[in-house]
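Please load the model and keep the sequence at hand. The report below walks through it element by element.

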Amino acid sequence: MSRPASPGAPSEAHNVLAITPFRRLWISLVLSGLGDWLSLLALVSLAAIFTADAPVLVRYLAIGGVLAVKLAPSVLFSPLVGALTDRLDRRWTMVAGDVLRGLLYVSVPVVGLLAPGFALPWLFIAALLAEIVELLWTGAKDSAVPNLVPRKLLGQADRLGLFTAYGTAPIAALLFAGLASISNVLGVLVPSLASPEADIALYLNGLLFFVAAGIVAGLPIPAHRSAKDTQSPTRDARILPAVFQGLRGSGDPVLLRGLSVGLIATVVAVGAVIGVGRLHAEGLGAGNAGFGVLFAAVLGGMGLGAIAGPRVLKLFSRRRLFGLTAVLAGVVLLFTGAVGDMVLAAVLALVLGVVAGMAWATALTVVTREIEDEHRAAVHAHLNGAARLTLVLSTVLAPVAAGFIGDRALPIGPLTYDLRGGAVVLMAVGLLGVVAAVVAHHRVNRNDPEAGPGLLPELFAALRGVEITEPVAEDDKPSGAFIVIEGGEGAGKSTQVRELTVWLRDQGFEVVSTRQPGATKLGMRLRGLLLDRENSHITPRAEVLLYAADKADHVQQEILPALRRGAVVISDRYTDSLLAYQGAGRDLAVSDIRDISTWAVQDLVPDLTVLLDVRPEEGLSRLSGPADRIESESAEFHDRVRKGFLDLARADPDRYLVLDAREPRERVTREIQKRVRALLPDPVPSASEAVTGMIPVIKND
Ligand SMILES: Nc1ncnc2c1ncn2[C@@H]1O[C@H](COP(=O)(O)OP(=O)(O)OP(=O)(O)O)[C@@H](O)[C@H]1O
Ligand SMILES: Cc1cn([C@H]2C[C@H](O)[C@@H](COP(=O)(O)O)O2)c(=O)[nH]c1=O
């Protein structure tokens, strides 16, 4: 008799933390994550303390140097160590990595005590060595995870890993601020400590790493990667190629560039606070404790913003929300630099973190909703890489810039204003961030399918929880062009929608390619219902209404807004499918269905309908995969549908282009281009087909 698997068995678990070995690994990751962030804060503070009597330029350069040594290697070199760590024993690499890092961090205050003259150089050497060790440790950890977690839970483990890596930052910062605020007591209790808060933080750090090593030593991690091992998704992709290739790969480069610029602006704002935070807090009279609070505020705020982002203002366009939060981040940073009060600066840093986190989460929502499946992974990698790279650069360069600006006293009449380098950097980055975010906002919102009539009315309505619906005024005729590709199953509609979209975009037109059913959120659900073969019980009238509901939502939410902006909308199927499939195919009165569909689509008639005509047997034979509910209808049904389409075209020949879909697809494409060229308000000259830089504008007549 077979025994059921125990609830803790990896293959049975639904929550990755229910797997005991992974849970233990995770605890060790929390400890080493805390240690890592604590070491960053302590080393930056020590660099400031060791250079306390030096000119401000030297102090800022020392801080910039510590940040560069701590942050740059993991972003730039982590993909390179993957191959090396595959050859090392993973468990012992992690154990040795934790022990070595612990020893290196503990050595910094010890050397400071024994050889004060060598304290600063050793701080850099120890930090660099610890980062090199961390690279190997991370490689081993990434390839250990798939051994402890079944493949289906790797995504969950990856998300938890990311959450742990960043979530420990504000906790470590608060811990550091706590230690700093009792530094006087610590100094009295342990008089041998040169800089009590930083020294204690580094000793604590060592302890955290040693405990983490002890936990990992007991984990059942096979020594080497085996052929069947899945690679953990946490392993870093190469950042630079991801940044540049992702930018090229998207179907909507204007949107992607806008998202990149806006995100970079917010990330640079956060990096600037971290980079100049230590000496800025000192200028505000708060020292190490103030630095810890600023750090915790900005990174903790980011976490809160990232969680809150998808939940706030649900009725407000995500693209607009992204633009607004990016602009707000710049404005808040400007004030963070300008205020001369530590408490206010900390509150503003928290707000900055929240809006930056919201901008990040909102950008991801836009990508998930609007970037085509085949480009999405590349776009995610691009945004991730660009954000990490700019975070490191801005964190390192902000203190360098502040050092060169220096601290000055500006005489203003009888008063003097203390202008500190850190504050100037924060204000300048804030100002530049506002400009960059405004540009990003314009780019991202150029083709927003969700946007209401005006930003402020939409924002106020969303704040009140009311959705704004735009009435179609008589004189508010859409100015774009609406092209529909119709036909039976497998006629080549999607192929031709794709070709036409690329061709028109190359000519500089704004193109929205879409389909029925399934373009909106509701539409996707309806599509699932309508095409599921299990739903054989759907009655013909209900079917008409479900398809009509998809059309109503689609026209209101996507097609009309795009046409009003002047875009060319290309839809794979539209109302003629309803008339042909449900009217002719199901044998319902076509006139009834026409009334329902005209009402649903607010009388919107395409400027051109291309009918790709093919015998149903031939069209269906082109399709791969199991037939859906409609495809698996009888041959007679599909014959009636084909006849229904041809009857519609015959009744309105001016609006239709009927093409033989058995022709080679390139010829079909050329015929469609010929007809579309004549239709567009500013026709594309035949000679310009190879010219991609030309941007004809669709004008209002
Ligand atoms: N003119 C053509 N001649 C031969 N095959 C074609 C032609 N056009 C498209 N195809 C192929 O037929 C298959 C179906 O094409 P496509 O997905 O574009 O059809 P469709 O009409 O959108 O299908 P569906 O009814 O499922 O939406 C694809 O494999 C495509 O490559
Ligand atoms: C719009 C519309 C569609 N149908 C049918 C036609 C197809 O079988 C499916 C849609 O899937 P495809 O990917 O476009 O092939 O739905 C319909 O019966 N009525 C309609 O209005």
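Predicted model: local features only at pLDDT ≥ 70, side-chain atom pairs only at ≥ 80, totals over all residues.

Residues are numbered from 1 along each chain as its sequence is written, and chains are lettered from A and ligands numbered from 1 in the order in which they are written.

**The sheet**

Helices (H or I, at least four residues) and strands (E, at least two) are DSSP runs, numbered from the N terminus. Five strands make an open sheet, ordered S4-S5-S3-S6-S7, with parallel pairing. Strands S4 (511-515) and S7 (656-660) sit at the edges, each pairing on one side only. On average, neighbouring strands are turned by 20 degrees against each other, direction ignored. The axes behind such angles are lines fitted to C-alpha atoms, for helices over the stretch in contact, and angles run from 0 to 180 degrees between N-to-C directions. Two strands count as paired if DSSP finds at least two bridges between them. Strands of a sheet pair through backbone hydrogen bonds, either parallel or antiparallel.

| Strand pair | Bridges | Sense |
|---|---|---|
| S3 (481-487) and S6 (608-613) | five | parallel |
| S3 and S5 | five | parallel |
| S4 and S5 (568-572) | five | parallel |

Individual partners can be picked out. Val-484 stands opposite Thr-609 in S6, and Ile-485 stands opposite Val-610 in S6. Val-569 in S5 is the bridge partner of Phe-482. Val-569 is also the bridge partner of Val-512.

How well covered is S3? Seven of its seven residues are buried. Buried means 20 or more other C-beta atoms within 10 Å of a residue's own; exposed means 12 or fewer, and partly exposed lies in between, with C-beta atoms placed from the backbone. In a regular strand the side chains alternate between the two faces of the sheet. In S3, Ala-481, Ile-483, Ile-485 and Gly-487 point one way, and Phe-482, Val-484 and Glu-486 point the other.

**The ligand shells**

A residue is near a molecule if its C-beta atom, placed from the backbone, lies within 6 Å of it. Ligand 1 has 15 residues around it; the closest are Gly-492, Lys-493, Ser-494, Thr-495 and Arg-622. Helices H16 (493-506) and H23 (665-679) are the elements that give two or more residues to this shell. H16 gives the most, with three residues. The shell divides into five nonpolar, five polar and five charged residues. Here Ala, Val, Leu, Ile, Met, Phe, Trp, Tyr, Cys and Pro count as nonpolar, Asp, Glu, Lys and Arg as charged, and the others, Gly among them, as polar.

Which element gives the most to the shell around ligand 2? Helix H19 (575-585) does, with four residues. The residues around ligand 2 include Glu-489, Gln-516, Pro-517, Asp-572, Arg-573 and Tyr-581. By class, this shell has five nonpolar, three polar and four charged residues.

Most residues other than glycine have a negative phi, and most peptide bonds are trans. Gln-516 and Pro-517 are joined by a cis peptide bond, with omega about -10 degrees. Pro-517 lies in the loop between S4 and helix H17 (521-531).

Arg-573 has a positive phi, near 80 degrees. Its place is the loop between S5 and H19. Arg-573 counts as buried because 23 C-beta neighbours lie inside 10 Å.

Asp-603 also has a positive phi, about 65 degrees. Asp-603 sits in the loop between helix H20 (590-600) and S6. Asp-603 is exposed because it has 9 other C-beta atoms within 10 Å.

Helix H9 (253-283) has 31 residues and reaches 43 Å from its first C-alpha to its last, close to the expected 45 Å. The expected span is 1.5 Å times one less than the number of residues. H9 bends by about 65 degrees at Gly-277. The bend is the angle between axes fitted to the seven residues ending there and the seven starting there. Of the 31 residues in H9, 26 are buried.

Helix H12 (342-370) has 29 residues and reaches 41 Å, close to the expected 42 Å. H12 is mostly covered, with 22 of its 29 residues buried.
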